[in-house]
Structure formats: structure tokens, C-alpha cells
Amino acid sequence: MAIGPTQLDDNFKKEVEAFEMLIDRALMKKTLSPGGKVMIDTPKGLTGLHLVSLIEKYTKAGWKTIRQEYGDQRDPTNCLVFES
């Protein structure tokens, strides 16, 4: 059976949904002060293309900005930062 582009697109959408569930679980464990921000660990396997789709979803949900941070050489990290 040959796989077509539609099936690959469906796989990508499922991956985005899975990342969304992981992010939602992490966010539910956090608290937010007014005008504050929340930082969570970036899920393993998240790519830039996944992040573009997720940023659109979370912006529609009310977050002002979402970005990925890597820290610096002395304090490396890989996290997503959500700002209200």
C-alpha cells in the first residue's frame, strides 16, 4: 500500500494533538499571576513545525506569546514560555 500526502498530513495533526495534550497537562500544574508567564519543559520530539501549529492554537486560546527558550551556556534549558 502506498502512503499519500494526506496520510502524512493526518500523522502530523495527530502528533500536534499529542503534544498539545502533554503541554496542557504541564500547564494545569502551574499557577499564573496577572501579567505573568509560565515556563514548562519542551516535550521531547517537538519540532519547529509542530511549534508553529501549537503557537496558533494557544494564541487563539488567549495566550499573548509563546516562545521556546534554550537558556545559555552556563544554564542550558529547553522550555516553552507562555505569557499572558
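## Basis of the description

A contact means heavy atoms within 4.5 Å. In the protein chain, 58% of the contacts between residues at least 6 apart in sequence join residues at least 24 apart.

The model is predicted: local features need pLDDT of at least 70, side-chain atom pairs count only at pLDDT 80 or more, and totals for chains, interfaces and linings use all residues. Residues are numbered from 1 along each chain as its sequence is written, and side-chain values use heavy atoms, with hydrogens and water left out.

## The chain as a whole

The protein chain has two helices and three strands, and from the N terminus the elements follow the order α-β-α-β-β. Helices (H or I, at least four residues) and strands (E, at least two) are DSSP runs, numbered from the N terminus. The C-alpha trace spans about 50 × 30 × 20 Å along its principal axes.

Of the 84 residues in the protein chain, 24% are buried. Buried means under 20% relative accessible area, exposed means over 50%, and partly exposed lies in between (1.4 Å probe, protein chains only). The accessible surface of the chain is about 6300 Å², and carbon and sulfur atoms hold 56% of this area. Accessible areas come from the Shrake-Rupley method with a 1.4 Å probe; for residues, only the protein chains shown count as cover.

## The sheet

Strands of a sheet pair through backbone hydrogen bonds, either parallel or antiparallel. Here three strands form an open sheet in the order E1-E3-E2, with antiparallel pairing. Strand E1 (37-41) and strand E2 (65-71) are the edge strands, and each pairs on one side only. On average, neighbouring strands of this sheet are turned by 25° against each other, direction ignored. Two strands count as paired if DSSP finds at least two bridges between them.

E1 pairs with strand E3 (residues 76-83) over five bridges, and Ile40 has Leu80 in E3 as its bridge partner. Ile40 also belongs, with Val38, to the covered face of E1, while Lys37, Met39 and Asp41 make up the uncovered face. E2 and E3 form a hairpin with four residues between them.

## The helices

Helix H2 (residues 48-60) lies across E2 and E3 and runs at about 135° to E2. Axes are lines fitted to C-alpha atoms, for helices over the stretch in contact, and angles run from 0 to 180 degrees between N-to-C directions.

Gln7 is in helix H1 (residues 5-28). Gln7 counts as partly exposed because its relative accessibility is 30%. The C-alpha atoms of Gln7 and Lys44 are separated by 23 Å, and the two residues are 37 residues apart along the chain.
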